[in-house]
Amino acid sequence: MAEAADVATVRDEVRTWLAETWDPERPVVEWRGLLADAGWAQPTWPRRWYGRDLSGAAAAVVAEEMAAVGAVGTATGVGMSLVAPTLLAHASDELKDLLLRPILTGENTWCQLFSEPGSGSDLAGLTTRATRDGDEWVVDGQKVWNSGAHKAAYGILLARTDWDAPKHRGISYLVLPMHQDGVEVRPLRQMNGYATFNEVFLSGARTPYDHVVGAQGEGWRVALTTLAHERNVATGRRPRLDRQGGRTVREAQAEAAEYFKTYQWYPQRAGRADLVPVRATETGTVTDPLVRQQVAGVASLTRMAKWSGQRAVAARAQGRQPGPEGSLAKLNGSRIARACATAHSAIGGASGMLSGDDGPVDGLIAEVLISVPAMSIAGGTDEIQHNILGERVLGLPKEPGTDNDQPFRSLRTN
């Protein structure tokens, strides 16, 4: 009863505040600033940093009331989904004061600078170097698969600050300003024709010495928080906005459209399960027993993944931090994508390989077939997810290794 009373109080309070404050003609950054300062932008966050310490249930009520009046929420992107949760969990008060509010308002966009061309799935084998120079870090190295790096104001960077520590203990998690001479961003052209990702070259790039998230040398522990949130993020989920709204909504729509250009091929990467039964019916292959079996398999996997996702959402609503369900969701997504690719191939036959106007659905099926392999790689490979589940959930012994206690500088690397 106490929880219900609290939720009712929150509903009345946010409804009154919106009636007094929501103006669809405000600039979107100004509106989000009001949201942040009032604590309604992310109500589950601490009051000290633009929240209200509310429960997940109460926060859902806030979202309902905002949707009812067509009010715009916080900005979409890496800043909100990955950076902010990591800063809240590990950053100094000074960094939170400096960085959180511009994330909420969308004034600062972010990218992730983790992977390297010489490390592959062995993220902890990174060799990007950060060396102290007075009150700054000087960074040299190369990163890859960096979505949005060409537009980002800041990057979350993993760099090695102690080469005499073991592999996982000499890494620091830094905040790096991207708009400087020492940072060069180059697009990577993919085989599906898009240039979603970038490679980033760091040559004498600088960041303040106090821009370390967590303790120096404990970047791996901080990075695990970011990775846990990454596996629970549905990057392709657009915010629902009232298309009839005023300036605030128009600016938010333009912002979202620009952001989601980067991810416009992600539905194809996921396999386009929605098209599998449609294509089977349109082509007449729905009567083929083998095709019917594949269509049913896709439907079963999709339903199972949906239930697992609902369980994860319920856990978040109860205040639990992301856990192994993220790895399960990642593996489910890979299985669905591969099952869809197999089904599309069986349905379309050789014509499924045709791109452009000559191919099925104007080449969309071909785009699915060449995009699906990315699903098993992005955000941590399937093999890494299996290790996480085996070791952290099932309690199986870790894979044997010889590099855990040696100084990193003595290890053979790429």
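Visitor: Which residues does Trp110 touch, sequence neighbours aside?
Guide: This is a predicted model. In it, Trp110 touches Val78, Gly79, Val83, Leu99, Ile103, Ala152, Tyr154, Gly155, Ile156 and Val175, with residues up to four places away in sequence not counted.

Visitor: And what about the largest nonpolar core, how many residues has it?
Guide: The largest nonpolar core has 54 residues, and Trp40 and Trp110 are those with the most contacts inside it.

Visitor: Which helix gives the most to this core?
Guide: Helix H4, residues 78-90, which gives 7 residues to the core.

Visitor: Switching to Thr105. Where does Thr105 lie?
Guide: Thr105 is in helix H5, residues 93-105.

Visitor: Buried or exposed?
Guide: Thr105 counts as buried because its relative accessibility is 1%, and the cut-off for buried is under 20%.

Visitor: What does Thr105 touch?
Guide: Val29, Arg32, Gly33 and Ala75, again not counting residues up to four places away in sequence.

Visitor: Now Gly51. Where is the place of Gly51?
Guide: Gly51 sits in the loop between helix H2 (28-38) and helix H3 (56-69). With a relative accessibility of 6%, Gly51 counts as buried.

Visitor: Which residues is Gly51 in contact with?
Guide: Gly39, Gln42, Pro43, Trp45 and Pro46, leaving aside neighbours within four places in sequence.

Visitor: How far apart are Gly51 and Asp12 in space?
Guide: The two are 17 Å apart, C-alpha to C-alpha, and 39 residues apart in sequence.

Visitor: On to the loop between H11 and H12. What is phi of Val361?
Guide: Phi of Val361 is near 55°, which is positive in a residue other than glycine. Val361 is in the loop between helix H11 (325-348) and helix H12 (364-371).

Visitor: And Asp362, what is its phi?
Guide: Asp362 also is not a glycine, and its phi is positive, about 55°. Asp362 is in the loop between H11 and H12.

Visitor: Next, H13. Which residues in H13 are buried?
Guide: In H13, Asp382, Gln385, Ile388, Leu389 and Gly390 are buried.

Visitor: What covers the buried residues of H13?
Guide: The cover includes H11.

Visitor: What span should H13 have, by its residues?
Guide: The 12 residues of H13 should span 16 Å at 1.5 Å a residue, and the end C-alpha atoms are 16 Å apart, so the two agree.

Visitor: Which residues form the nonpolar patch on the surface?
Guide: Val393, Leu394 and Leu396 form the patch, and together they have about 300 Å² of accessible area. Leu396 is found in the segment after helix H13 (382-393).

Visitor: What is the relative accessibility of Leu396?
Guide: Leu396 has a relative accessibility of 48%, so it counts as partly exposed.

Key. Residues numbered from 1 in each chain as written. Predicted model: local features only at pLDDT ≥ 70, side-chain atom pairs only at ≥ 80, totals over all residues. Heavy atoms only, no water. Helix = DSSP H or I, 4+ residues; strand = E, 2+ residues; numbered from the N terminus. Core = buried A, V, L, I, M, F, W, Y, C linked by side-chain atoms within 4.5 Å. Buried < 20%, exposed > 50% of the residue type's maximum accessible area, 1.4 Å probe, protein only. Contact = heavy atoms within 4.5 Å. Patch = residues over 30% accessible without salt bridge, like charges linked within 9 Å, V, L, I, M, F, W, Y side chains within 5 Å. Areas by Shrake-Rupley, 256 points an atom, 1.4 Å probe, with all protein chains shown as cover. Salt bridge = Lys/Arg side-chain N within 4 Å of Asp/Glu carboxyl O. Expected span 1.5 Å × (residues − 1).
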